[in-house]
Amino acid sequence: MSRWRSYVERARTMIVLPVAYAHQLILILSMEFQSGPFTKMLFGGALDKIYEMDVKNRKWDGNIPQVLLVLCEGFVRLGGCQTEGVFRLAASATAIAAAKVNLERDDYSLSGVDDPHILACLLKRWFSDLLEPVIPTNF
């Protein structure tokens, strides 16, 4: 945990993170999600478990996981449907990591997210990190 904190503190003091450092920060944050203080596994979890946690912890009774609904609504609100190359171009790695941390901590406000590319990257990552694909490989 102290290693993670030191990276976050260094990131706060820097104006621009080099790409290699940002990737290192994301890797460490990902490891912390698997073994750290986070109890909710939105990214890299099983779809049925994510849905069960939503229903149990947040009294969510929707048919889709809340994180998916929040990301899609935010994407549309920020004009992602009219943004050219939104699923092709990558957003800032540090902005993606910060938004991901907030979502994992049950902060669905998307505060500080003002770029549809960030939400597009999170949507892609959420689907790709699921333990089982939404569409089974045998189809």
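Phe87 is partly exposed, with a relative accessible area of 42%. On this scale, buried means under 20% relative accessible area, exposed over 50%, and partly exposed in between, with a 1.4 Å probe and protein chains only. The model is predicted: local features need pLDDT of at least 70, side-chain atom pairs count only at pLDDT 80 or more, and totals for chains, interfaces and linings use all residues. Residues are numbered from 1 along each chain as its sequence is written, and side-chain values use heavy atoms, leaving out hydrogens and water.

**Whole chain.** Colour by secondary structure. Helices (H or I, at least four residues) and strands (E, at least two) are DSSP runs, numbered from the N terminus. Of the 139 residues, 40% are buried. Among contacts with a separation of 6 or more, 67% join residues 24 or more positions apart; contact means heavy atoms within 4.5 Å.

**Helix H4.** Select residues 66-77. The expected span is 1.5 Å times one less than the number of residues. Now show the buried side of the list: Gln66, Val67, Leu68, Val70, Leu71, Gly74 and Phe75. Step just past H4 to Gly79, where phi is positive, about 80°.

**Aromatic pairs.** The structure holds two. Rings of Phe, Tyr and Trp (its six-membered ring) pair if their centres lie within 6.5 Å; planes under 30 degrees apart count as stacked, over 60 as edge-to-face and the rest as tilted. Select Phe75 and Phe87. Their ring centres are 5.3 Å apart and the planes stand at 40°, so this pair is tilted. Phe75 belongs to H4 and Phe87 to the loop between H4 and helix H5 (93-104), so the pair ties together parts 12 residues apart in sequence. Phe75 is buried, at 7% relative accessible area.

Next, select Trp126 and Phe127. Here the centres are 5.0 Å apart and the planes at 80°, so the pair is edge-to-face. Trp126 is buried at 1%, whereas Phe127 is partly exposed at 39%.

**H4 against H6.** Show the contact residues: Val67, Leu68, Leu71, Cys72, Gly74 and Phe75 from H4, with Pro116, Leu119, Ala120, Leu122, Leu123, Trp126 and Phe127 from H6.

**Helix H5.** H5 has 12 residues and reaches 16 Å between its first and last C-alpha. Its buried residues include Lys100, Leu103 and Glu104. After H5 comes Asp106, with a positive phi near 70°.

**Last stop: Phe43.** Look in the loop between helix H2 (19-35) and helix H3 (47-58). Is Phe43 buried or exposed? Phe43 counts as buried, at 4% relative accessibility. Which residues does Phe43 touch, not counting those up to four places away in sequence? They are Lys100, Leu103, Glu104, Leu122, Arg125, Trp126 and Asp129. Finish with a C-alpha distance: Phe43 and Leu123 are 80 residues apart along the chain, and 10.0 Å separates their C-alpha atoms.
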